[in-house]
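Trainee: Let's go through this one step by step. Where do we start?

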Amino acid sequence: MTGTRLAAAMIAASAGAVMMQAAAVGSAQAQDAAKGKQVFNLCSPCHSIGPGAANKVGPELNGLDGRHSGTVPNYDYSDANKKSGVVWGEATFKQYIKSPSAMVPGTKMPFAGIKDQQKVDDLWAYLSQFDANGNIKK
Ligand code: HEC
């Protein structure tokens with residue numbers, strides 16, 4: 001009797017633990033953009049984003065969702081980038097950032113790429129929040 005009750009209690013406890021883990025996973029996914037901000041540390045030596053973002057080694061990245069490649073004023077792009085004809089959006093960005101030189105051969109962006117799909121997803125969630133003025137879209 002006691003043994004059965006103990007086992008039942010243990011099953012209930014482990015079911016609780018599973019539910020807590022599921023809740024933790026849920027909230028991690030909800031915070032994609034916050035995690036993407038950490039991933040952006042890989043980009044920030046060369047790129048700015050947000051209010052007042054300026055061109056650095058690479059062009060500023062505000063309003064990237066829907067932006068045509070090679071169109072930031074006063075930034076000296078490579079011909080490869082300017083002529084690539086890419087419109088940045090979720091699909092094109094995610095393909096590009098896995099291997100920039102594979103998608104835009106001859107680009108002068110010296111970055112090997114990010115292979116981890118979760119990091120790529122989080123990064124896009126972060127980047128795509130910003131409108132052309134660097135404000136978070138409502
Ligand atoms: C070491 C410097 C460097 C790093 C690190 C870097 N980039 Fe770049 N990026 C550049 C340069 C330089 C260009 C311009 C490429 C050209 O003109 O060929 C560029 C271009 C781009 C473009 C195309 C912009 C446009 O207007 O067409 C995007 C998008 C981009 N980078 C995103 C990123 C992201 C996101 C990261 C981080 C995961 C990153 N880059 C990391 C230097 C860098």
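Mentor: With a definition. Helices are DSSP runs of H or I with at least four residues, strands are E runs of at least two, and both are numbered from the N terminus. Residue numbers start from 1 along each chain as its sequence is written. This is a predicted model, where local features need pLDDT of at least 70, side-chain atom pairs count only at pLDDT 80 or more, and totals for chains, interfaces and linings use all residues.

Trainee: How many helices and strands are there in the protein chain?

Mentor: From the N terminus on, the elements run α-α-α-α-α-α. The count is six helices and zero strands.

Trainee: What percentage of the residues of the protein chain count as buried?

Mentor: A residue is buried if 20 or more other C-beta atoms lie within 10 Å of its own, exposed if 12 or fewer, and partly exposed in between, with C-beta atoms placed from the backbone. Of the 138 residues in the protein chain, the buried share is 18%.

Trainee: Among contacts between residues at least 6 apart in sequence, what percentage join residues at least 24 apart?

Mentor: Two residues are in contact if their C-beta atoms, placed from the backbone, lie within 7 Å. In the protein chain, the share of these contacts that join residues at least 24 apart is 49%.

Trainee: Which residues come nearest to the ligand?

Mentor: A residue is near a molecule or strand if its C-beta atom, placed from the backbone, lies within 6 Å of it. There are 25 residues around the ligand, and those that come nearest are C43, C46, G58, S78 and M109.

Trainee: How does the shell around the ligand divide by class?

Mentor: Ala, Val, Leu, Ile, Met, Phe, Trp, Tyr, Cys and Pro count as nonpolar, Asp, Glu, Lys and Arg as charged, and the others, Gly among them, as polar. The shell has 17 nonpolar, seven polar and one charged residues.

Trainee: Take M109: which residues does M109 touch, not counting those up to four places away in sequence?

Mentor: M109 sits in the loop between α5 (100-103) and α6. M109 is buried because 20 other C-beta atoms lie within 10 Å. N81 is 28 residues away along the chain, with 9.2 Å between the C-alpha atoms of M109 and N81. The residues M109 touches are G58 and P100.

Trainee: Is N74 buried or exposed?

Mentor: N74 lies in the loop between α2 (32-39) and α3 (79-82). N74 is not a glycine, yet its phi is positive, about 60°. Because N74 has 7 C-beta neighbours inside 10 Å, it counts as exposed.

Trainee: Which helices do the buried residues of α6 pack against?

Mentor: The buried residues in α6 are V120, D122, L123, W124, Y126 and L127. They pack against α2 and α4.

Trainee: What is the orientation of α4 to α6?

Mentor: Axes are lines fitted to C-alpha atoms, for helices over the stretch in contact, and angles run from 0 to 180 degrees between N-to-C directions. Angles under 35 degrees count as roughly parallel, over 145 as roughly antiparallel, 65 to 115 as roughly perpendicular and the rest as oblique. The axes of α4 (residues 90-98) and α6 (residues 117-127) come within 10 Å and cross at roughly 130°. That makes α4, relative to α6, oblique.

Trainee: How do the residues of the contact of α4 with α6 divide by class?

Mentor: On α4, the contact is made by E90, F93, K94, I97 and K98, and on α6 by V120, L123 and W124. The division is five nonpolar, no polar and three charged.

Trainee: How are α2 and α6 oriented to each other?

Mentor: The axes of α2 and α6 come within 7 Å and cross at roughly 100°. The two helices are therefore roughly perpendicular.

Trainee: What classes of residues does the contact of α2 with α6 have?

Mentor: From α2 come D32, A33, K35, G36, K37 and V39, which meet K119, D121, D122, L123, A125, Y126 and L127 in α6. By class, that contact has six nonpolar, one polar and six charged residues.

Trainee: How far apart in space are Y126 and G36, C-alpha to C-alpha?

Mentor: Y126 is in helix α6. Y126 touches A33, G36, K37 and F40, leaving out residues up to four places away in sequence. Y126 and G36 are 90 residues apart in sequence, yet their C-alpha separation is 5.1 Å.

Trainee: Last one: is L123 buried or exposed?

Mentor: L123 lies in helix α6. L123 touches G36, V39, F40 and I97, leaving out residues up to four places away in sequence. Because L123 has 25 C-beta neighbours inside 10 Å, it counts as buried.
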